[in-house]
Amino acid sequence: MERLLKVLTDEPSYGKPENVNLGQFIDDFKKEHIQSGYTLNVLRTYDMENRPIDKYIISIARQDLNQVLENIMTNAKKHAFKNLDDPANRVILEMSEDLLNGQPAVVLWVKNNGALLPQGMSAEKVFTWSESSSDGDGIGGWQIRQIIEHFRGEVTIVESQSDKDNFTLAYKIILPLIN
């Protein structure tokens, strides 16, 4: 309840944007989540000469990007994974290139192999203030969208029952690249 009141009454505050190498940020994030109730893997995108592309530079506050990823991981632990001791729990962070409003952008996919969204909970509801499928406060998903949109990006959720690697739920985060 205290968290709800704080978020409700405080003016949204974001950190100062800085140029962040997304690949390095993700590597550092992974190191902090070694014993977290899931295996966290990072997949690299490769260019046409089979070289890893990890020089994605974005403009965002590090603490805000960290908050987005922490909220996604918390949602996976609370809602997707039924047993946090199950070694089969997996989260994948995957980066690729795309366009956002006609400009170069990076897509960060955050996928898990847990449960689909529960009945009655839609992808849009995840990003709605105070919507929760369980004992959560319904702020995390809303906060994810607020942060990403503040830094001129987009976020959606994609569900799949037919993914070849059994990744059932994915957050698709698109952020503009710094040229």
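Predicted model: local features only at pLDDT ≥ 70, side-chain atom pairs only at ≥ 80, totals over all residues.
Local features require pLDDT of at least 70 and side-chain atom pairs pLDDT 80 or more, whereas totals for chains, interfaces and linings use all residues. Residues are numbered from 1 along each chain as its sequence is written, and side-chain values use heavy atoms, with hydrogens and water left out.

View 1. Helices (H or I, at least four residues) and strands (E, at least two) are DSSP runs numbered from the N terminus. Lys-16 is exposed, because its relative accessibility is 71% (exposed, over 50% relative accessible area; buried, under 20%; partly exposed, in between; 1.4 Å probe, protein chains only). Beyond its neighbours within four places in sequence, Lys-16 contacts Ile-60 and Ala-61 (contact, heavy atoms within 4.5 Å). Arg-62 is 46 residues from Lys-16 along the chain, with 8.6 Å between their C-alpha atoms.

**View 2. The aromatic pair Tyr-14 and Phe-151.** The whole structure holds two aromatic pairs (Phe, Tyr or six-membered Trp rings with centres within 6.5 Å; planes under 30 degrees apart are stacked, over 60 edge-to-face, the rest tilted). In the pair of Tyr-14 and Phe-151, the ring centres are 6.2 Å apart and the planes stand at 80°, so the arrangement is edge-to-face. The partners are 137 residues apart: Tyr-14 lies in the loop between helix 1 and strand 1, and Phe-151 in the loop between helix 5 (140–150) and strand 8 (154–159). Tyr-14 is partly exposed at 26% relative accessible area, while Phe-151 is buried at 4% relative accessibility.

**View 3. Lys-111 over the face of Trp-109.** Lys-111 is placed 5.7 Å from the ring centre of Trp-109. A charge sits over a ring if NZ of Lys or CZ of Arg is within 6 Å of the ring centre and within 35 degrees of the ring normal.
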